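Please open the structure in your viewer and keep the selection tool at hand. The stops below state what to select next and what is found there.

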Amino acid sequence: MPDTAQTQPASNKPKIDLKMYGPAIALVLLCILGFSLNTAFLSEGNITNLLTRSAFIGIIAVGATFVITAGGIDLSVGSMAAAIAGVMIILMNSLIDVLGTGTLTVVIGAASAIMLGALAGLANGLLTTKGKIEAFIVTLGTMGIFRSLVTYFADGGTLSLSFEIRGTYRPVYYESILGVPIPVWVFIMVAISGWFLMNRTTFGRYCTAIGSNEHVAQYSAINVNKIKTWTYVIQGLCVALATVIYVPRLGSASSSTGVLWELEAIAAVIIGGTVLKGGYGRIGGTILGALILTTIGNILNFTDLVSNYLNGTMQGLIIITAVWLQRADWGSKSKT
Amino acid sequence: MDRGGSMLVKNPITSDVLLRAESLSKSFGTVPVLFSVSFDLKAGEVHALIGENGAGKSTLMKIMSGFHSPTSGRIFYDGAPVTLPRNGQAEALGIVLIHQELNLAEQMTVTENIFLGREIAKNGILDKSAMHKRVVQILVSVGLDISPDTRISQLSIAQKQMVEIAKAMSRNARVLIMDEPTAVLTEAETRILFAQVDRLRKQGVAIMFVSHKLHEVSEISDRVTILRDGQWIATRPTKGLGLDEMARMMVGRELSDLYPPIAEADIDADVALSVEGLSTQNVHNVSFELRSGEILGFSGLVGSGRTELFEAICGLVPMQNGAITTFGHAGRFATVAQARDAGIVYLTKDRKGKGLLLQEGMQANLTLLALPRFANRLMLNKKQETAALARAVRRFDIRARDPNVLAKDMSGGNQQKLLLAKVMEADPKIVIIDEPTRGIDVGTKQQIYHFIAALAAEGVSIVVISSEMPEVIGISHRVIVMRDGQIAGTLTGDAINETQIVRYAAGLNEEKMHA
Ligand SMILES: Nc1ncnc2c1ncn2[C@@H]1O[C@H](COP(=O)(O)OP(=O)(O)OP(=O)(O)O)[C@@H](O)[C@H]1O
Ligand SMILES: [Mg+2]
């Protein structure tokens with residue numbers, strides 16, 4: 001025992017640590033960097049702002065974690081968010097005449113958004129499973145459809161939420177409970193339920209099994225199509241939730257709403273350590289991934305070291321580095 | 001690399017020893033699996049390596065072909081110490097390993113696979129016709145009747161195995177290392193393989209091979225090395241070494257009867273499963289009955305439709321026609337879950353492709369089929385899962401030195417035990433086992449047979465699909481022989497013997513059926 005123990009830990013530990021704690025370490029390093037560049041980075045105001053902004057991508061990314069873990073992919077989330085936002089705004093504006101500008105209108109708007117999200121996810125899911133079309137193709141298609149729908153609804157311009165109702169809806173984005181903004185509360189709740197669903201339920205186990213080997217899943221009495229479809233429905237619900245808290249922020253939707261959110265969501269998932277080809281998913285990692293992405297943008301805002309326009313470049317570099325750090329075998333291959 | 005030079009140095013002691021391992025030890029992480037094992041391989045000999053599941057045979061072979069590096073110890077090739085290059089590059093030195101788990105690119109053709117990494121090319125352009133011609137020759141020489149343009153994914157497991165062998169032969173190996181090449185082969189295919197092995201031996205190739213089928217070892221090998229728990233036990237000339245002696249050295253104790261005493265079948269027992277006129281794409285109008293507590297053997301050639309028949313019953317393959325009655329309830333199963341809930345489980349013969357999640361540990365694999373039992377609505381009960389694993393490890397004697405080992409790193413036999421444990425978690429009334437002991441050592445085989453007999457004694461009905469005739473004969477109450485998707489004959493009592501099975505499987509007993 002002692003003689004083998006001498007040689008191994010040195011080569012084994014770093015690998016495990018990086019896989020497990022890599023995203024957390026990266027986030028801490030980013031925070032240290034941000035603080036050293038500008039001490040205001042760790043001010044309460046900035047942290048609240050950072051968390052609030054992470055909420056959208058974070059919530060969507062939790063859904064994406066399920067889709068990806070079960071071996072799928074959803075490229076349509078950004079367009080879906082835009083389309084849902086558009087429909088929601090139109091609906092609420094037209095409800096003012098009937099129901100006024102009270103809470104009821106907003107509640108109906110939000111409820112219909114949730115329904116739309118679930119339906120859009122269901123469509124993606126059924127097309128991939130029952131339709132037997134590659135998820136990449138299906139969601140590439142729906143991505144185009146949703147995007148063009150919002151452009152059509154807005155007639156090429158911008159759909160604006162009627163002014164009277166903004167006052168009612170505003171607090172959903174801007175108010176705090178116990179000092180924590182509402183979007184952050186929603187984010188926390190989605191994260192906890194996502195973690196629970198992934199790690200403590202049969203559903204999460206089935207997602208992992210399907211993502212690692214669909215044959216084995218089928219032979220193990222798992223209803224592969226049903227579970228896969230559910231992952232897309234969950235993704236749709238997450239997108240809808242994110243949209244519901246996003247709409248009061250700007251009070252409008254246009255063809256540029258939610259552009260590239262799908263990439264950010266997938267990036268958050270991958271940075272968090274979930275395997276892109278499926279079979280291994282980490283909700284906790286996804287949350288960190290979303291925070292990392294927002295933090296990069298935030299730091300660039302704070303300093304003029306790097307142009308703000310290079311935000312995408314920095315994010316891209318971080319994604320590639322993160323994945324490289326996780327995938328590189330750190331000598332384990334050469335040891336066996 | 002230094003082979004050319006060292007060949008001139010004729011060491012009188014090791015003159016015909018081609019490859020030699022000296023005090024090899026190997027640990028994975030902190031888990032030791034080989035302890036100072038020495039081994040030598042002579043040109044022109046077939047050297048068999050035997051040992052229980054997990055004894056370290058595959059590991060030793062991987063080290064001797066460069067796929068693993070030893071933790072300590074040295075390897076000599078042509079008398080000179082070498083560090084074998086990694087990941088199959090030892091092939092360039094003439095050392096070829098055929099893995100236990102086949103290693104073919106599924107979506108590529110036979111030709112592409114055989115020439116993978118050493119394509120014939122002129123100025124960077126592939127010379128397809130030259131490769132095609134060469135592959136045709138090789139396929140003929142190994143007696144494999146398939147087109148060189150077939151995709152690997154379309155081949156049966158046995159055919160894939162033969163392609164691996166064809167591939168190795170095309171590389172002009174000086175040392176050929178084969179890890180359980182016959183595990184998935186039929187008797188006839190094994191004959192063809194052994195003819196090739198014999199031919200290579202006469203050409204002076206050094207051949208190392210693992211098999212759990214001891215009669216094969218005794219038939220083809222010149223020397224035998226026995227490993228037990230990672231330790232070298234003995235190296236003996238095969239001549240004069242009896243099968244019982246081999247088995248005893250492998251397991252380290254006297255082995256009693258391989259097959260358990262099978263209690264007389266109860267002809268009046270309830271019918272557990274009744275199948276009427278079942279047809280699928282390759283199965284035609286099959287009817288049979290299975291009684292409670294009965295062990296029903298299914299024999300026949302590979303491709304005779306046995307697997308498809310039972311996959312159809314369990315909702316894995318679409319059924320065209322037929323009625324199924326389980327415990328008096330009529331009704332087909334559309335999904336595996338329905339079959340499971342009705343008490344029927346199917347244990348696939350494709351452990352790695354359909355049986356186990358290779359990237360997961362034992363825990364997740366064990367409970368997967370019966371997961372709803374471990375959950376309160378959606379919520380998993382981890383305590384219950386952990387307890388189930390502890391129980392299964394004991395009950396099935398699953399040996400893993402590291403309890404968190406991934407399924408892919410378990411030895412073949414232990415994977416099989418895990419799979420058996422997995423289907424038993426569903427607490428089935430009818431168990432269908434496809435090739436129950438493929439790649440399993442004698443000691444474990446005995447355990448599995450006794451386990452099957454004990455289950456039957458408890459009233460569980462068992463179907464054993466097997467291509468190993470002694471196995472079907474040894475444990476079945478009744479044997480159904482299939483041929484070309486149909487039932488060719490049913491044997492009971494003293495009629496269960498090899499001659500009868502072969503006659504039915506080959507279609508020689510056709511008339512008797514109607515008599
Ligand atoms: N990559 C690995 N990582 C960790 N443990 C491993 C690895 N490969 C093998 N082992 C362990 O080493 C031991 C020996 O395994 P090996 O595959 O050599 O057995 P074997 O004799 O070939 O058995 P079988 O007859 O079942 O094929 C087993 O306990 C196995 O779990
Ligand atoms: Mg082995």
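In this tour, two residues are in contact when heavy atoms of theirs lie within 4.5 Å. The model is a predicted one, in which local features need pLDDT of at least 70 and side-chain atom pairs count only at pLDDT 80 or more, while totals for chains, interfaces and linings use all residues. Residues are numbered from 1 along each chain as its sequence is written, chains are lettered from A and ligands numbered from 1 in the order in which they are written, and side-chain values use heavy atoms, with hydrogens and water left out.

Select Phe66(A). Leaving aside neighbours within four places in sequence, Phe66(A) is in contact with Gly194(A), Leu197(A), Met198(A), Phe203(A), Cys207(A), Thr231(A), Ile234(A) and Ile283(A). Buried means under 20% relative accessible area, exposed over 50%, and partly exposed in between, with a 1.4 Å probe and protein chains only.

Select Thr295(A), in helix 13 (residues 283–302) of chain A. Helices (H or I, at least four residues) and strands (E, at least two) are DSSP runs, numbered from the N terminus. Is Thr295(A) buried or exposed? Thr295(A) counts as buried because its relative accessibility is 2%. Its side chain reaches the backbone oxygen of Leu291(A) at 2.5 Å. Beyond its neighbours within four places in sequence, Thr295(A) is in contact with Leu27(A), Leu30(A), Phe41(A) and Leu50(A).

Which backbone oxygen does the side chain of Thr243(A) reach? It is that of Val239(A), at 2.6 Å. Leaving aside neighbours within four places in sequence, Thr243(A) is in contact with Ala81(A), Ile84(A) and Ala85(A). The C-alpha atoms of Thr243(A) and Ala110(A) are separated by 8.9 Å, although the two are 133 residues apart along the chain.

Select strand 1 (residues 17–28) and strand 2 (residues 31–42) of chain B, which pair in the antiparallel sense over eight bridges. Two strands pair if DSSP finds at least two bridges between them. Ser27(B) has Pro32(B), in strand 2 of chain B, as its bridge partner. This hairpin has two residues between the strands, and Gly29(B) takes a positive phi near 60 degrees.

Next, display the open sheet of four strands in chain B, ordered 14-13-16-17 with antiparallel pairing. Strand 14 (286–291) and strand 17 (329–330) of chain B stand at the edges, each with a single partner strand, so one side of each is left without a neighbour in the sheet. Strand 13 (residues 271–279) of chain B pairs with strand 14 of chain B over five bridges. One bridge links Leu273(B) to Leu290(B) in strand 14 of chain B.

Select helix 9 (residues 306–313) of chain B. Eight of its eight residues are buried, so this helix is largely enclosed by the rest of the structure. Among them are Arg306(B), Glu308(B) and Phe310(B). Gly315(B), whose phi is positive, near 80 degrees, follows helix 9 of chain B.

In helix 8 (residues 243–251) of chain B, the buried residues include Met246(B), Met249(B) and Val251(B). Their cover includes helix 7 (214–220) and helix 15 (442–457) of chain B.

**Last stop: where the chains meet**

Show both chains. How many residues of chain B are in contact with chain A? There are 36 residues of chain B in contact with 28 residues of chain A. Select Glu385(B) and Arg205(A), whose side chains meet in a salt bridge (2.8 Å, N to O). A salt bridge is a side-chain nitrogen of Lys or Arg within 4 Å of a carboxyl oxygen of Asp or Glu. Helix 11 of chain B gives the most to the side of chain B that touches chain A, with four residues.

Notes
A polar contact is a pair of N or O atoms within 3.5 Å; within protein, one must be able to donate a hydrogen and the other to accept it, and residues adjacent in sequence count only if both atoms are side-chain atoms.
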